[in-house]
Amino acid sequence: MLLNYIGAFLLIVFGLYIILVKKNLIKIVVGMSLLDTGINLLLVSVGFRPGGTAPLFMNDLKPGSFFVDPVPQALTLTSIVIGACVTALALSLVIKVKEHYGTIDADKVRRLNG
Amino acid sequence: MFNRLIEKSRAKSPWIYHVNSGSCNGCDIELVALLGPRYDCERLGIKLAGSPRHADIVVVTGPITSQSKDRVLRVLSQVPEPKVVVSLGSCPMSCNVFKGSYSVEGPLDKWTHVDVSVGGCAPKPEAIIDGLIKAIEILKEKRGLNNV
Amino acid sequence: MDILVYIFNILIFPGFLFCFFFGLLLSGIDRKLVARMQRRIGPPVFQPFYDFFKLIGKGHIIPRGAAKKTFMLAPIIGLLGVVIISMFIPIFGYVFIPRTADMIVILYLLTVPAVALILGGSSSGSPYSGVGISREMVTMLSYELPLVIILLAVGSKVGHSLGEIGNVTFSLSKVAEYQSKNGMLICSLSMIPAAIAFLLCIPAEVGTVPFDVAEAETEICEGPLVEYSGKYLALYKLMSAIKMFIMGSLFVALFFGGTGFGTGIKFLPLNTLLMMILVIITISISVSFLRAIVARIKVEHTLKFFWTVPTALAFVSLILTYVTTL
Amino acid sequence: MNGYSSILPLMAIMLPFLAAFIIALTGNKALGLKRVLAVIFTFIPLLAVILLFKPIIENGHIVSYWLGNWVPEKTWAIGIGLEIDAFGLFCGLIITLTCFLSSIFSIRYMEKDNGLEKYYTMFMLLTASMIGFVFTGDLFNMYVMLEIMTFAAIGLTAFRNHKYKSIEAGFKYIVIGSLGSSLILLGTVLIYAQAHTLNIAQISAILHGNYNAVTIFALALMLTGYAVKAFLVPCHTWPADAHMSAPSSISMLLSGVMSKTGIFGIIRILYMIYRSKCVAAPSMEFLMIFWGTITMLIGASMAIIQTDFKRLLAFSSVSQIGYVIVGFGVGLSAKTSVAVTGTMGGLYHMLNHAMFKSLAFLCAGAVLYRTGTTDTTKLGGLAKKMPYTTVLFMISLASIAGMPPFNGFVSKWLIYQSTFEAGYWPVTIIALLVSVMTLAYFIKLAQSVFFGKIHKEHENIKEIPWSMRVPMIVLAAVCIFAGTFWNVISDKLIEPAAYAIYNIQGYIDVMFNKGYAQNMFNHEIPIPKMTRAMAGYWSPINWLLLFVVLIIGFIVIASLLSKGNKKESIIDLSDTKYDTFTGGEKEYFSHMAGNDLFWGLKHQFRGYFKTLKNAHSGIVNDYVLWVAACAAVVTIYLFAVL
């Protein structure tokens, strides 16, 4: 379990690092995606209970067995969908940026300043 | 009653606007001297206004040069009624020593109606005050609101 | 009956007519005083009345480039603004409209004439008035800071002893009440810097010589007023005259509050007379005296001056107040 | 509780969503019908909100609705609940009213654009998600609604994608906005890990007394996340770009309403979820007041140096949000009477800001619609051509600058009063100064856009059509009404909303059973007494009477004076008499606009303004750094004090 949390933490930190440092707009989008993934991993890990089974009601449910928390899984699903939307929208905006500016360097895409 | 009040006030508070149409500054200095402690024309209610829109009396100094002719006439037209035009010094009266110059467009009354002319090069402050009082008399004549 | 008194208040006594007469008289006295200080004879005391009526009777021109409605409405709004303030300032504890006398209301209402001037100038479409409104706005920003701190200093001085919430009161009538019990605020040491700062703010608020860069008639042809003529100009002149009276009476209300002959309407004529005398003294010190001896300063210097000297004075006052109440 | 009232919130949320799908599915056919559809489907939520007035405001109920009838099992929330208290309804009213007016404005405003079905799809999504955000009682649902809102807003920002600025603004918005959302999601996850529920009411009951490092970290993250949505400094960089480049009907929603959703989130967190940690905690009070003060100061300073109409308005929004946050910051004070004044000031300013800033943005839209530009250096003299717009802009100017008797005065006054009563007198000074600065940059707009000389190419423009004027007139009317009859507004809206903010017990009990909250908290939760009696000496009725009498008196005097002056001669405007006086020169084009103004101020503080201008570098990495740094600072501060 600790590994999950460390992984989530590392993903978030790497994502943030990429957004902060990389000047390529596509890399920034990748960083955002990474950040989302880290949070999703954290979200799933929160609901995990050691020894729990998948939250499905089936006939061969053994007595004494218990589920992992189903709510975070539902949340993760939503969050993944939202993350995909963010990535898609951001990438399409990057294409448009390239059309208008001829570059995807963040240092040059700064006509709106001051 | 208001009309009488206004007429009375009009004589008591003539604000002057000073236009320099190519003067040698002699008359201008004399005009400024009027505002000083010695001649103090503020006791007559005279005040130097900053904009022609505020003025009752327009004082023109200098011969009308061709550069300044249009501008003087425009400023004169921008003064609201009732107004009195005073020409100060010999230049606007007769062009003085500048007469015949290629750049002088003749005396002021060639271009517009002049109410009072104060002669002299430059006129003494006493003369200017006398001229302004005459101008105030004319201002009084333009009586009533109907002239507005 | 109440409503009649109310209308009387608005139109005649502390309101329109009184402001009209006393404001113009005050500015006449100011002009006479300045002339005497400069060893001139000076205009008659009633000169502003002549000026006013002359302007009323004079023709007016609305320039082609002006936004006509705003151009015509702005002076009226400004005039109404100052007349309304006059009712919020108590005369030695007597307030004409109860429960409305608050310093912040007055602070805001004091911006109304300035805004009216700015809007009027702005709508006249002249480049001179453009420069003028820019300067007027900067002047306004500069005097607003010390003014706020002064009011806060007075408020906390009074609030501390009255035990208000947060130890501050912004109610002018409470300031008057405090002064009638504990003597004038000007007599307490901690309030003297604030009073000096307020005296320095008055010329800027009124727009007279050291800080009249917005209406400098020799450089920018009276700035926002350049296109005004006739009766609209008269309203502006009246407005600034009344504003002078308002600032003077605000000073008296803040720092000379408790000196009246008793309280209440019984002594109102006498109180008003005393108030008028005090206002004349205030204005002659802060406006006329300064006007006669100082030249006009630039707009950025105005800002610098107000954000250093009067602000520091007001802060000294505020800190002294806190120190003395600890 | 009536049967219909519990279904109304669902209607208010679902119908706009439905409309969005209908519009999206049918493609670009029958655009006229879609316009009408948009107006109708934004009117229905407004109607629903108004119908909810009776049960919520008058009867004091809190309406709740469990989606899919997943009611709590053994007082444990398992479904998604909608819960509308007076505060939610107050925000809902602002949202629905503004959206409705925006949809009317869009009819003509957007007529020149193509791809309108996409516009209306996203417009309806935005409307629905905002309503959903304030009506929901579920923390994750809030996040989802926020994300939908952000998407729709980004899509609408980048809608005019033939302009470079829309695209750039859209990209910056999506990076910073999704970072903010990520912070909120992270906070939500951490809270879920502690409380194992997502229902706000239940979380606040469970978390009471059980705060630990994780929840405080979550508080810091969520606070920063919502600060991004409410654009508090230093997370204020995206609105300037986004508001400037979005169509004005959308800028109005972004600045007038979407910022309020951020504030809504902050309030729900501070006053409800972290109730016993934050309310009556001087350290939190200090944080919020400090944050708000910085926000109002920097927003106003940035606004003064802008030259673009809408960009200036965007920074002005930042500044005004600072006022709201200061108000709510005082609301956290331990002195209850002061706290109530502060909260009421904050609420009132929320309403007012939505109204006058929307109005200002619509004026900008009107200018853009007729002239095609919002650059103040290229505009001027529109007052002669667009008198209605000018008057409406003047109303918004007077309101935002807080001229009595307009609405800005009342709310600002409440905020001043609360700050000095709370002992934060430096904030009062700064707030008053910022108010003058607000006036200054609005004067700048008035001078450079509406007054002065008109440019040659704008000489033939006309006034905007009536369908665009009507929403603006409605907003202006609300501005005036809220300023003069503040007793009514205060009674009907502000006091119930302020009560609802503090009434956490009722909020929890409605969702579960009565006594649940008291059981969890072990004591009765105090609600400060709501009264506006302490709120100043302002009596607008008096004032109004004064004004009317004065005007009548003035008219009488004026008519006396102008007796015999009726004779009007024919005016020849081409006469040199009507020239502008320029020292006798021939009249030529000269117009003081944009950055020509306030030279003295800018010169004296050139170092400060230059630093600020350079700090807003336009590089997206920098802006992200600001947000991250802000999150770090807030986290450190919260760990230090809580």
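These numbered points go through a predicted model, chain by chain and then across two of the contacts between chains.

1. Chain A, overall make-up. Chain A has three helices and zero strands. Along the sequence, the elements of chain A follow the pattern α-α-α. The radius of gyration of chain A is 19 Å, well over the 13 Å given by the globule rule for 114 residues, so chain A is more spread out than a compact globule. Taken along the principal axes, the C-alpha atoms of chain A fill a box of roughly 65 × 25 × 20 Å.

2. Chain A, burial and contact range. Of the 114 residues in chain A, 32% count as buried. Where contacts in chain A join residues at least 6 apart in sequence, 58% of these contacts are between residues at least 24 apart.

3. A:Ile12 as a local case. A:Ile12 sits in helix α1 of chain A, which covers residues 2-21. The residue A:Ile12 counts as buried because it has 20 C-beta neighbours inside 10 Å, and the cut-off for a buried residue is 20 or more. With neighbours within four places in sequence left aside, the contacts of A:Ile12 are A:Leu35, A:Gly38 and A:Ile39. From A:Ile12 to A:Cys85 the separation is 73 residues in sequence and 19 Å in space, C-alpha to C-alpha.

4. The sheet in chain B. Chain B has an open sheet of five strands, in the order β2-β1-β3-β4-β5, with parallel pairing. Its edge strands are β2 (47-48) and β5 (116-118) of chain B, each of which pairs on one side only. Inside this order, strand β1 (residues 15-20) and strand β3 (residues 57-61) of chain B are joined by five bridges in the parallel sense. B:Ile16 has B:Ile57, in β3(B), as its bridge partner. In general terms, strands of a sheet pair through backbone hydrogen bonds, either parallel or antiparallel.

5. A helix pair in chain D. Helix α2 (residues 31-58) and helix α4 (residues 116-135) of chain D pack with their axes 10 Å apart, at an angle of about 5 degrees. Angles under 35 degrees count as roughly parallel, so α2(D) is roughly parallel to α4(D). On the α2(D) side the contact is made by D:Leu31, D:Lys34, D:Ala38, D:Phe41, D:Thr42 and D:Pro45. Their counterparts in α4(D) are D:Leu116, D:Glu117, D:Tyr120, D:Phe123, D:Met124, D:Thr127 and D:Ile131. By class, the residues of the contact of α2(D) with α4(D) are nine nonpolar, two polar and two charged.

6. Chain B against chain C. This contact draws 20 residues from chain B and 28 residues from chain C. On the side of chain B that touches chain C, the residues divide into seven nonpolar, six polar and seven charged.

7. Chain C against chain D. Here 59 residues of chain C are in contact with 60 residues of chain D. On the chain C side, at least two residues each come from α1 (2-11), α4 (68-88), α5 (103-123), α6 (127-162) and α11 (299-325) of chain C. Helix α6(C) gives the most to the side of chain C that touches chain D, with 15 residues. By class, that side of chain C has 38 nonpolar, 12 polar and nine charged residues.

Note on methods
Residues numbered from 1 in each chain as written. Chains lettered and ligands numbered in written order. Predicted model: local features only at pLDDT ≥ 70, side-chain atom pairs only at ≥ 80, totals over all residues. Pairing = 2+ DSSP bridges. Helix = DSSP H or I, 4+ residues; strand = E, 2+ residues; numbered from the N terminus. Contact = placed C-beta atoms within 7 Å. Nonpolar A, V, L, I, M, F, W, Y, C, P; charged D, E, K, R; others polar. Axes fitted to C-alpha atoms, helices over the stretch in contact; angles between N-to-C directions. Parallel < 35°, antiparallel > 145°, perpendicular 65-115°, else oblique. Buried ≥ 20, exposed ≤ 12 C-beta atoms within 10 Å, placed from the backbone. Rg over C-alpha atoms; globule rule 2.2 N^0.38 Å.
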